[in-house]
Amino acid sequence: MRKQPTSGGLVYSTDSGRTCPACRQAQADCRCKALAAAATRAAGDGIARVTREKQGRGGKTVTVVRGLPLAAEALADLGKRLRNACGAGGTAKDGVLEVQGDHADRVVALLLAEGHKAKRAGG
Ligand SMILES: [Zn+2]
């Protein structure tokens, strides 16, 4: 149990005592709002775009998902599920999911099944 100064000490504002209901960090340390704001910026209109792209000099096809309105951890978890479902490797980085190989149709179906808005875009 911590002793609170009763006089002459620092007076804490009510804000500093509050914790975030989402992450249970003190509001001052909470990154939820920043993450949500970043996710919103990355999300654009909230519809994830699934594209098929060639990667690197080898020209391997990779399925790329952009614009998912998710924070980094949720995005990484979703990326794992997508890779497992496709039986392929991939990455989750900077708000972008990649799944090795051409799985665009499958990825769109999986995203829709999880309640995300998603559509094919580009090639
Ligand atoms: Zn928080």
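**Entry 1: the zinc site**

I began with the spacing of the zinc donors along the chain, and it reads C-x2-C-x6-C-x1-C. A reminder to myself: this is a predicted model. The residues behind that pattern are Cys 20, Cys 23, Cys 30 and Cys 32, each giving its SG atom to the zinc ion at 2.2 to 2.3 Å.

Next I looked up the geometry. What angles do the four donor atoms subtend around the zinc ion? They run from 104 to 116°, so I noted the arrangement as tetrahedral. For reference, I wrote down the ideal value of 109.5 degrees for four tetrahedral donors.

Then I asked where Cys 20 and Cys 32 lie. Cys 20 is in the loop between helix H1 (14-17) and helix H2 (32-43), while Cys 32 belongs to helix H2, so the pair ties together parts that are twelve residues apart in sequence.

Are these two cysteines buried or exposed? I found Cys 20 buried, at a relative accessible area of 7%. Cys 32, at 26% relative accessibility, goes down as partly exposed, because buried would call for a value under 20%.

**Entry 2: around the zinc loop**

I stayed in this region for Lys 33, which is found in helix H2. Lys 33 is exposed, with 69% relative accessibility.

Most residues other than glycine have a negative phi, which is my reason for listing it. Arg 24 sits in the loop between H1 and H2, and I noted it as exposed, with a relative accessible area of 70%.

**Entry 3: another positive phi**

Which loop holds Asp 94? I located Asp 94 between strand E3 (90-93) and strand E4 (96-100). Phi of Asp 94 is near 50°, again a positive value in a residue other than glycine. Its relative accessible area is 73%, so Asp 94 counts as exposed.

**Entry 4: the whole chain**

I counted four helices and five strands, and in sequence order they give the pattern α-α-β-β-α-β-β-α-β. The chain has 123 residues, of which 26% count as buried. I looked at contacts too: among those between residues at least 6 apart in sequence, 45% join residues at least 24 apart.

**Entry 5: H3 against H4**

How do helix H3 and helix H4 pack? I have H3 as residues 72-86 and H4 as residues 104-113, with an angle of about 130° and axes 10 Å apart. H3 and H4 are therefore oblique to each other, since the antiparallel class would need an angle over 145 degrees. I recorded the crossing of H3 and H4 as right-handed.

I then listed who makes the contact: Leu 78, Leu 82, Ala 85 and Cys 86 come from H3, and Arg 106, Val 107, Leu 110 and Leu 111 come from H4.

**Entry 6: Leu 78**

What does Leu 78 touch, leaving aside its neighbours within four places in sequence? I found Leu 68, Leu 70, Leu 97, Leu 111, Glu 114 and His 116. I also took the separation from Leu 110, which is 32 residues away along the chain: the C-alpha atoms are 9.8 Å apart.

**Entry 7: Gln 55**

To finish, I turned to a strand. Gln 55 lies in strand E1, which covers residues 48-55. Buried, exposed or partly exposed? At 31% relative accessibility, I noted Gln 55 as partly exposed.

Not counting residues up to four places away in sequence, Gln 55 touches Lys 60, Val 62, Glu 98 and Gln 100. I checked Gly 101 as well: Gln 55 and Gly 101 are 46 residues apart in sequence, and their C-alpha atoms are 10.0 Å apart in space.

Key
Residues are numbered from 1 along each chain as its sequence is written. This is a predicted model: local features need pLDDT of at least 70, side-chain atom pairs count only at pLDDT 80 or more; totals for chains, interfaces and linings use all residues. Side-chain values use heavy atoms; hydrogens and water are left out. Donors are N, O and S atoms within 2.8 Å of the metal (3.2 Å for Na, K and Ca); water is not among the atoms, so sites may look incomplete. Four donors count as tetrahedral if all angles lie between 85 and 135 degrees; four count as square planar and six as octahedral if opposite donors are over 155 degrees apart and all others between 65 and 115; anything else is irregular. Helices (H or I, at least four residues) and strands (E, at least two) are DSSP runs, numbered from the N terminus. Buried means under 20% relative accessible area, exposed over 50%, partly exposed in between (1.4 Å probe, protein chains only). Axes are lines fitted to C-alpha atoms, for helices over the stretch in contact, and angles run from 0 to 180 degrees between N-to-C directions. Angles under 35 degrees count as roughly parallel, over 145 as roughly antiparallel, 65 to 115 as roughly perpendicular and the rest as oblique. A crossing is left-handed if the near helix is turned anticlockwise from the far one by less than a right angle, and right-handed if clockwise. Contact means heavy atoms within 4.5 Å.
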